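Subject: Structure for you to look at

Dear colleague,

I am handing over the structure we spoke about, with the sequence alongside. Please open it first, and then read the notes below with the model in view.

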Amino acid sequence: MTIWLNAGIIFTLLAIVAILIKWGNVRVVGVTPVRTFTFIAILFTSGLDVGLIMFPLTEFAGYADIKASPEYAFANPLSIEFGYWGFLIWGFYFLTCFYFCVIEPKVKFFEIPWVKFLNNVVIIGTCAFTAYLLLSNLPWYLPELGDGSNVIPEFYLIVLAAICFAVYSSTDIKYVRFLSISTTWLFIALIGFMWADAFLFGDSELSAFTKNIGLIGNYFANINEFVLPLNDYHEFYLFWWFAWSIMIGQFTSRFVGGLKTYQVLAAMLIFPSIPIAIWFSVLYHYHEAGIPTEGIKNFAMVFVGVVFVINSLDSLIRLYTDNLNLTVKRFGKFKYIAMNVVALSLLTLLFKLEFLQIQWVGALVIGLFFICLGFIAYSKLKTVSNIEGSPKANKIDYTKIETIS
């Protein structure tokens, strides 16, 4: 699996370089273009899930234990956490976003029936994994509701409510902009709340926060170390990013609003990384200073985490239902909602029983990348060589999202 993952990463990086060389100055326009801030909000909230909120406080100690994990000795725990979530790996999303916006309309690889089937297996499987992550982390963040280690009925109800909300919001694309922008501001508010509690109303010096921001520079000084997997846990993360990449690319490609290719790459690498860096710096201070998060802070993190899950599920549900023609128009709203809620709930339980693994999904995505390359090289090389930009039918009309259901 490691060799397969390494091959996928190297291919991704080389493909990004090739795209920049050939189409670096091309304007990229999706079928439903939105303004840049909205695009970034959609990218950020759809491209991340509950792990961003819930994982760091459980992981810092492990990254600091270099006796148990000497491979982490080259960097501090904060920069390692950032390396698992920020900057370079957002290039995965850029590759697939560009492909689905510019290349796929000409190549139509994902319209081949068996490819479409595998693509939807990836989307549905990752959709369920997102709900499972929320379920599995709730005991740690809400010990007040249980014993801090076991999943109780209340946690199942929270996850079911998130699934139901996401399925309902996926019934109309007009909810995307509202949900994405609202979640972005909620996340910013959470960062401000946690920061103020520690540095304005707590006993901590503000210099501790600026010091933490500086620690993230260690990531950029050692960025080469994060390209290939450091260990099995990093390998899990990278497979996870691959699993997400193919569907986030499909979804976000709809909303690119006329940025040039190099600007899309810069936006995807830089803008999501800024709030991630700030958030992790705040959480790292809580970890280092031993500041408890019980009570309102935990509830606030869980609430924002649930909203992130709703965003992610919304985009994924919208993708696979469109791809499989399982739409509201075809079945009606009630049948559409019931069908998706039941399916996602059952698949979430399969992850809970460890019947499914996200690494398998990521490995399948890498396979699709290579098969797509072979398909282009064999039968579509001239077509791709002649591509000059996004389809001409894609016009910059920021009101279009208001008129599509």
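This is a predicted model: local features need pLDDT of at least 70, side-chain atom pairs count only at pLDDT 80 or more; totals for chains, interfaces and linings use all residues.

C101 sits in helix α6, which runs over residues 91-107. Leaving aside its neighbours within four places in sequence, C101 is in contact with V28, V29, G30, S253, S390 and P391. For a sense of scale, C101 and E205 are 104 residues apart in sequence, and their C-alpha atoms are 47 Å apart in space.

A polar atom of the S253 side chain lies 2.8 Å from the backbone oxygen of Q250. Apart from neighbours within four places in sequence, S253 is in contact with G30, V31, C97, F100, C101 and I248.

Helix α12 itself holds H234, which at 1% relative accessibility counts as buried. The side chain of H234 has a polar atom 3.0 Å from the backbone nitrogen of L230, and, once neighbours within four places in sequence are left aside, H234 is in contact with Y84, F226, L228 and P229.

As for the protein as a whole, there are 19 helices and two strands. The radius of gyration is 21 Å, close to the 22 Å that the globule rule gives for 405 residues, so the protein is as compact as a globular protein of that length. The C-alpha trace spans about 60 × 50 × 40 Å along its principal axes, and 55% of the 405 residues count as buried. Of the contacts with a separation of 6 or more, 86% are between residues 24 or more positions apart.

A pair of aromatic rings is described by the distance of the centres and the angle of the planes. The count comes to 49 aromatic pairs. Among them is the tilted pair of F37 and W185, with 6.3 Å from centre to centre and 40° between the planes. F37 lies in helix α2 (residues 36-47) and W185 in helix α9, so this pair ties together parts that are 148 residues apart in sequence. F37 counts as partly exposed, at 47% relative accessibility, while W185, at 51%, counts as exposed, because the cut-off for exposed is over 50%.

F55 and W240 form another tilted pair, with centres 5.7 Å apart and 55° between the planes. Here F55 lies in the loop between α3 (51-54) and α4 (56-64) and W240 in helix α12, so the pair ties together parts that are 185 residues apart in sequence. F55 is buried, with a relative accessible area of 8%, and W240 is buried as well, with a relative accessible area of 4%.

Helix α9 covers residues 174-199, and its 26 residues should span 38 Å at 1.5 Å a residue, which agrees with the 39 Å between its end C-alpha atoms. The buried residues of α9 are V176, L179, S180, T183, T184, F187, L190, I191, M194, A196, A198 and F199.

Helix α8 (residues 153-169) has 17 residues and reaches 24 Å from its first C-alpha to its last, close to the 24 Å expected at 1.5 Å a residue. Within α8, the residues F155, V159, A162, I163, A166, V167 and S169 are buried, and what covers them includes α7 (113-141), α9, α15 (296-323) and α17 (333-352).

Terms used
Residues are numbered from 1 along each chain as its sequence is written. Side-chain values use heavy atoms; hydrogens and water are left out. A polar contact is a pair of N or O atoms within 3.5 Å; within protein, one must be able to donate a hydrogen and the other to accept it, and residues adjacent in sequence count only if both atoms are side-chain atoms. Contact means heavy atoms within 4.5 Å. Helices (H or I, at least four residues) and strands (E, at least two) are DSSP runs, numbered from the N terminus. The expected span of a helix is 1.5 Å times one less than its number of residues. Buried means under 20% relative accessible area, exposed over 50%, partly exposed in between (1.4 Å probe, protein chains only). Rings of Phe, Tyr and Trp (its six-membered ring) pair if their centres lie within 6.5 Å; planes under 30 degrees apart count as stacked, over 60 as edge-to-face and the rest as tilted. The radius of gyration is taken over C-alpha atoms; the globule rule is 2.2 Å times the number of residues to the power 0.38.
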